[in-house]
Amino acid sequence: MTNMIREERIHVISALVEHKPGVLYSVSNMFRRRGFNIESISVGEAERPDLARMTITIRGDESTVEQVVKQLKKLICVIKVSILDPGNMVSRELALIKVSTPDARARSDVINYTEIFKGHVVDVAHESLVIEITGDRDKINAFIELMKPFGIREIARTGIAALSRGMRSVKVE
Amino acid sequence: MVRMSGAKALIESLQRENVEVIFGIPGGAMLPVYDILYDSDIRHVLMRHEQCAAHAADGYARASGKVGVCMATSGPGATNLVTGIANAYMDSSPVVAITGQVPRSFIGKDAFQETDIIGITTPITKCNFQVGSAAEIPKIVKTAFYIASTGRRGPVLIDLPKDTQIEEDEINFDEMIELRGYKPTYDPHPLQVKKAVQLLIEAERPVIIAGGGIIASNACSELIALAEALVAPVATTLMGKGAIPENHPLSVGMVGMHGTVAANHLVQEADVILAVGMRFSDRTTGNIKTFCPDGKIIHIDIDSSEIGKNIRPHIPIVADAKKALQAIYDQLIKKIEKKERSEWLNKMREFKGIQEEMFKFGGDGIKPPALMAEIRRILPNDAIITTEVGQNQMWAALYLRVYKPRTFISSGGLGTMGFGFPAAIGAKVACPNVPVVDIAGDGSFIMTEQDLAASVAGKIPVIVVVLNNSMLGMVAQWQRLFYDRRYSSVDLRGLPDFVKLAEAYGAQGFRVQSVEEFREALKAAINSDVTTVIDVPISPEENVFPMVPPGDNLKKLILR
């Protein structure tokens with residue numbers, strides 16, 4: 001009961017799971033059942049076709065995140081789990097943002113901002129642009145704030161994908 | 001490789017797992033499997049409700065230590081199993097549930113008797129599998145039994161689409177199973193063991209709390225050896241009842257909301273608690289903030305997610321209970337000096353004396369604590385007791401002493417009314433040579449009494465002792481104590497005459513008005529080869545005490 005760190009913050013968890021139907025359900029159902037809040041989750045095939053990597057970000061204190069990891073490990077479809085060290089990982093999210101550009105002035109402003117943020121214009125129409133932007137959450141949030149005055153029509157975000165830096169890894173030996 | 005149908009492959013796989021009995025009910029989506037069972041050596045006990053099939057498999061598993069198997073058809077058959085599966089999951093009981101499913105091409109089309117049993121049972125099984133082809137069946141069965149019976153035990157479900165049962169293929173029974181995500185930790189970490197030993201040696205007021213994990217891992221002799229070496233009182237959880245003989249001088253009975261005077265006081269006053277194979281459930285700890293305020297806790301459990309979930313221990317040990325206790329004992333015995341602990345043990349004896357007085361308590365007529373003592377006097381030590389849920393369960397837990405592991409079977413975590421009777425049927429199948437007695441209440445028994453038919457027709461004679469107050473007694477007790485006697489929907493007027501009910505099924509029934517009459521009825525039941533229901537009228541004003549009001553600490557016991 002002592003020394004429990006009560007401070008809530010974002011934690012990034014990397015989990016290697018069986019690449020099979022039903023696994024995402026098992027994982028997300030466990031989060032729902034135990035009352036853990038997922039901020040974002042991204043899943044895709046990992047370095048081997050029989051494995052998928054889930055990057056899960058959750059908000060909580062240390063003891064919550066410890067329980068999350070233990071409950072994940074308890075699932076038989078989950079092979080390996082670790083909490084990524086925020087000071088020693090790379091994380092990226094991709095967002096597609098459809099912005100209103102009713103006139104030439106707006107269009108050129110949006111394109112300028114996109115270049116500053118090293119994004120790409122991936123679709124051009126008469127009155128809108130679709131911007132692709134990657135980066136950490138803060139960068140994407142900042143870009144979205146900048147786009148708001150132009151009028152955001154749609155946003156699709158992937159959630160964070162993350163890996164630890166250097167030779168440290170979460171992998172099956 | 002042998003060419004055969006999926007249904008044949010299933011039964012052959014079950015035989016390779018040494019399955020002797022299946023509790024189940026057939027149906028449309030299971031016809032091919034039941035056709036193979038018709039000629040099989042495996043005994044099939046036809047239950048009358050699938051919930052009972054699951055509870056019977058659970059009772060069989062707890063009594064025998066082997067995996068229990070239940071079977072049901074798709075749709076409602078499968079959903080009727082759900083309460084039983086959830087019950088087995090909460091109490092870590094090794095059960096394999098096999099369900100029929102609509103043919104593969106119909107899945108997702110809302111076909112007749114289709115239900116998503118995989119989706120439904122995901123949070124209440126260790127793991128579940130839907131068979132994709134006949135060829136997969138042997139490996140899935142092997143994996144299911146391995147998962148159910150290892151680590152922290154629990155239920156596994158296998159869902160078999162009907163066409164995979166019919167499909168013929170070359171079947172290989174020798175495929176190895178591979179489980180990258182499942183590697184239970186059995187051996188304790190030596191450093192943690194060393195720390196635990198040091199703490200235990202320094203302890204002045206040690207208490208051991210033994211949970212169901214002790215029984216699951218057959219660690220009772222290790223527990224007793226360690227308790228004696230340490231001279232530490234042993235409390236148990238409900239699931240741990242039977243881990244230490246309750247006539248052992250260091251046994252103090254159950255701890256918790258309905259804990260004994262001794263167990264609750266000693267646990268609160270301990271300076272070191274060794275908690276083994278238990279999970280600090282709310283019913284065990286009382287108000288968790290005030291649980292054992294001055295104590296340091298060593299928590300041993302095979303499921304690492306239990307450690308730190310409800311209580312943060314000072315020394316966590318993830319391991320099998322038997323191995324951990326053995327490792328601690330081996331080191332402790334070399335270092336520990338003979339402990340007297342006269343003050344601590346005197347306290348224990350004093351509290352046990354207060355608890356002993358409570359056998360006399362109760363209202364008019366037959367007093368439940370005295371009745372429990374009477375049952376114990378009559379039954380042999382290896383007789384198996386099951387319970388329903390409510391007052392009956394807590395009277396049994398408090399006042400019916402248990403001397404051997406696997407002889408007390410109760411629905412601990414889920415608290416399932418209706419569990420005890422079908423569990424008794426399962427236990428009797430596992431142990432046909434000992435009397436099996438379900439301590440029931442009227443409210444619980446009517447939830448699953450239809451399986452009197454299964455016990456009579458299946459020649460599985462069990463004994464049901466109905467503590468009959470014509471009430472949902474535990475709910476009434478709470479309404480009496482905490483809701484100003486506003487008895488809302490607890491009066492069970494309209495109950496059947498249990499003697500006639502038993503006779504209607506071809507069982508025998510007795511109604512008794514005194515402990516003397518009860519004694520005769522129970523003796524007759526033990527010697528009978530047919531199921532017996534003994535109706536014992538008790539006062540509806542009867543309360544189970546001791547009791548800790550919800551939210552209070554464990555010492556705040558109401559005694560009468």
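Which domains does the domain assignment give for chain B? In this predicted model, the assignment divides chain B into domain 1 (2-171), domain 2 (190-355) and domain 3 (361-537).

Figure 1. The secondary structure of chain B consists of 22 helices and 20 strands. Along the principal axes, the C-alpha atoms of this chain occupy a box of roughly 70 × 60 × 40 Å. The radius of gyration of chain B is 24 Å, which agrees with the value near 24 Å for a compact globule of 560 residues. Of the 560 residues in chain B, 57% are buried. When contacts between residues at least 6 apart in sequence are considered, 75% of those in chain B join residues at least 24 apart.

**Figure 2. The open sheet of 6 strands in chain B.** The strand order is 3-2-4-5-7-6, and the pairing is parallel. From one strand to the next, the twist averages 20°. Strand 2 (residues 21-24) and strand 3 of chain B run parallel and are joined by 4 bridges. Within this part of the sheet, Gly24(B) is placed opposite Leu46(B) of strand 3.

**Figure 3. Helices 3 and 6 of chain B lying across strands.** Helix 3 (residues 50-64) of chain B lies across strand 2, strand 3, strand 4 (68-72) and strand 5 (95-101) of chain B. The angle between helix 3 and strand 4 of chain B is about 170°. Helix 6 (residues 137-149) of chain B lies across strand 5, strand 6 and strand 7 (156-161) of chain B. Helix 6 runs at about 160° to strand 7 of chain B.

Figure 4. Is Ser74(B) buried or exposed? A residue is buried if 20 or more other C-beta atoms lie within 10 Å of its own; Ser74(B) has 27 C-beta neighbours inside 10 Å and therefore counts as buried. Beyond its neighbours within four places in sequence, Ser74(B) is in contact with residues including Gly27(B), Ala29(B), Thr99(B), Gly100(B) and Gln101(B). Its contacts also include Val102(B), Gln113(B), Glu114(B) and Thr115(B). A separation of 8.7 Å lies between the C-alpha atoms of Ser74(B) and Pro161(B), which are 87 residues apart along the chain.

**Figure 5. The contact between domain 1 and domain 3 of chain B.** The C-alpha centres of these two domains lie 30 Å apart. Domain 1 of chain B contributes 25 residues to the contact, and domain 3 of chain B contributes 25 residues. On the side of domain 1 that touches domain 3, the elements giving two or more residues are strand 2, strand 3, helix 3 and helix 4 (76-90) of chain B. Helix 3 of chain B gives the most to this side, with 11 residues. By class, the side of domain 1 comprises 12 nonpolar, 9 polar and 4 charged residues.

**Figure 6. The contact between chain A and chain B.** Chain A supplies 20 residues and chain B supplies 16 residues. On the side of chain A that touches chain B, helix 1 (23-34), helix 2 (62-74) and strand 4 (78-83) of chain A each give two or more residues. The largest share of this side, 6 residues, comes from helix 2 of chain A. The side of chain A includes 9 nonpolar, 6 polar and 5 charged residues.

Key: Residues are numbered from 1 along each chain as its sequence is written. Chains are lettered from A and ligands numbered from 1 in the order in which they are written. This is a predicted model: local features need pLDDT of at least 70, side-chain atom pairs count only at pLDDT 80 or more; totals for chains, interfaces and linings use all residues. Two strands pair if DSSP finds at least two bridges between them. Axes are lines fitted to C-alpha atoms, for helices over the stretch in contact, and angles run from 0 to 180 degrees between N-to-C directions. Two residues are in contact if their C-beta atoms, placed from the backbone, lie within 7 Å. Ala, Val, Leu, Ile, Met, Phe, Trp, Tyr, Cys and Pro count as nonpolar, Asp, Glu, Lys and Arg as charged, and the others, Gly among them, as polar. Domain bounds come from an automatic or database domain assignment. The radius of gyration is taken over C-alpha atoms; the globule rule is 2.2 Å times the number of residues to the power 0.38. A residue is buried if 20 or more other C-beta atoms lie within 10 Å of its own, exposed if 12 or fewer, and partly exposed in between; C-beta atoms are placed from the backbone.
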